[in-house]
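Reader: I'd like to learn how to read a few features of a protein model. Could you walk me through them?

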Amino acid sequence: MAINKVKGTYDVLPNESYLWQALEEKIREILGLYNLKEMRTPIMEYSDVFHRHTELSDMVTKETYDFDDRGDRKLTLRPEGTAGIIRSYVENKLYASQELEKVYYIGPNFRYERPQKGRYRQFYQFGVEAIGTIDPALDAEMIILAYDFIKRLGLKGVRVRINSLGDEASRSNYQEALKAYFTPHIDELCEDCKVRLTKNPLRILDCKVDQKNEAIKNAPTPQDYLNHESRAYFKQVLDHLNAAKISYEIAPKLVRGLDYYSHTVFEIEADIEGFGAQNVLGGGGRYQNLVSELGGPDLGGIGFAFGMERLLLALDAENVDFAKERPLDAFVIVFNDDLKTVATEILYELRKANLVADTNYTQKAFKGQLKQALRFGAKYLVILGEEEYQKGVVAIKNTKTEVQEEVLIPKISKYLLEKLEK
Ligand code: HAM
């Protein structure tokens, strides 16, 4: 058996990890502005957290990694973040101390999907949930946050698409209408959709097999079935978005691929030439039954999640210069093996002064060491030679200006700190 990575997974290599770190930093920085606190929940949960009888999406019925542990417990690797967050919210009774809990999370998720560019079996999401209240201003805040995030990252080619599925009553009217509409077309539907027709006709709309099906294309939209209250709620959400001057479009056919949504749903799409089919960078919406389905009180929430690989792909496709690898402040070059212990001492001093420093461990000639230093982007070379050492100094060379000066060994850090300050 070959020892290589599992299909649909990838490695983050040393020369790429700074991009991930920069993205995570941005996430924490921006979400902090919205007063969100981080939550960390396990990547495995009891299967029931995801396999609820109401959840009939492909994600839950076909794509989860389910397994029995050695104690015969039925566990699932999380396919998304929301259900685990709500499980924890209920279990820890967070509703008892806060009327509205606003949290974010970052971490890997697992879905057994067909891998392609932008679609993996293990992928990272960062997500946000605001749990406890229903208020159109809060729905708008989530959309504004998603929009603000994208703008602050520096992405330009993005579209915010919004729709409303309405409240429970509107939603069930719509489901009935879909049932009535699709029944005469039953023979034109794929095998899965035939089952969906009786169990959950909404899922026919995002059938992955049959996107060109005319019947699906011409199906009624949720907007047609919104009752008065739901329509008024949606209008208020839009009023808030208009007040914040967010650009968005109403997408009457948007229903999202998970079953827990009602009222507001939205997606952020990349509109970048040649980006590929997996262009939905993030999405989310309101959920009114999830908390009670997971054993909590009758409280609603709203949230969204972004796929982090797709964000990095979009940043790359738009050539956004959003992260830099931190260069070395100093690279210590040693000519003489006997002086290596002195180099060790110098390095430790440099790092104590919070300078990013390194040296050579493979005994290369000067040229080799220099090349290595420049590859790391070293700003200064600290050159330690026999002659200098006898005088108690090193030569410090600025790699850009090529100016070289002699500096007393105990003064190296001070010298560099002063130079770097300028
Ligand atoms: P979702 O639309 O299933 O929603 O996923 C959100 C984002 O995760 C997608 O827009 C996409 O960028 C990324 N994503 C999903 N599957 C994959 C994959 N196989 N490979 C790479 N990226 C992927 C949710 O997960 C909801 N929990 C969002 C939410 C939070 N709704 C309310 N609160």
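This is a predicted model: local features need pLDDT of at least 70, side-chain atom pairs count only at pLDDT 80 or more; totals for chains, interfaces and linings use all residues.

Reader: Let's start with helix packing. At what angle do α1 and α4 pack, and how far apart are their axes?

Author: The general idea is that two packed helices are described by the angle between their axes and the distance between the axes. Here, α1 (residues 17–33) and α4 (residues 136–153) pack at about 135°, and their axes are 11 Å apart. That angle makes α1 oblique to α4. The crossing of the two helices is right-handed.

Reader: Which residues meet there?

Author: From α1 you have L23, K26, I27, I30, L31 and L33, and they meet L145, F149, R152 and L153 of α4. Sorted by class, the contact has eight nonpolar residues, two charged ones and no polar ones.

Reader: Now α3. How many of its residues are buried?

Author: Nine of the ten residues in α3 (residues 82–91) are buried, so the helix is mostly covered. Among the buried ones are I85, I86, Y89 and V90, and R87 is also one of them.

Reader: What do those buried residues pack against?

Author: They pack against the strands β2 (44–46), β5 (101–110), β6 (122–131) and β10 (280–287), and also against helix α9 (290–293).

Reader: On to cysteines. How many disulfides are there?

Author: A disulfide is a covalent bond between the sulfur atoms of two cysteines. In this model the count is zero. The sulfur of C190 has its closest cysteine sulfur in C193, 3.6 Å away, which is too far for a bond because the cut-off is 2.5 Å. C193 is likewise in no disulfide, with the sulfur of C190 as its nearest cysteine sulfur.

Reader: Are those two cysteines buried or exposed?

Author: C190 counts as buried at 14% relative accessibility, and C193 counts as buried at 0%.

Reader: Last one, backbone angles. Which residue other than glycine has a positive phi near 60°?

Author: Most residues other than glycine have a negative phi, and most peptide bonds are trans. D72 is the residue with a positive phi near 60°. D72 sits in the loop between β3 (65–68) and β4 (74–77), and it counts as exposed at 62% relative accessibility. K245 also has a positive phi, about 55°. You'll find K245 in the loop between α8 (228–243) and β8 (249–250), and at 71% relative accessibility K245 counts as exposed. Finally, K93, which follows α3, has a positive phi near 45°.

Technical notes
Residues are numbered from 1 along each chain as its sequence is written. Side-chain values use heavy atoms; hydrogens and water are left out. Helices (H or I, at least four residues) and strands (E, at least two) are DSSP runs, numbered from the N terminus. Buried means under 20% relative accessible area, exposed over 50%, partly exposed in between (1.4 Å probe, protein chains only). Contact means heavy atoms within 4.5 Å. Axes are lines fitted to C-alpha atoms, for helices over the stretch in contact, and angles run from 0 to 180 degrees between N-to-C directions. Angles under 35 degrees count as roughly parallel, over 145 as roughly antiparallel, 65 to 115 as roughly perpendicular and the rest as oblique. A crossing is left-handed if the near helix is turned anticlockwise from the far one by less than a right angle, and right-handed if clockwise. Ala, Val, Leu, Ile, Met, Phe, Trp, Tyr, Cys and Pro count as nonpolar, Asp, Glu, Lys and Arg as charged, and the others, Gly among them, as polar.
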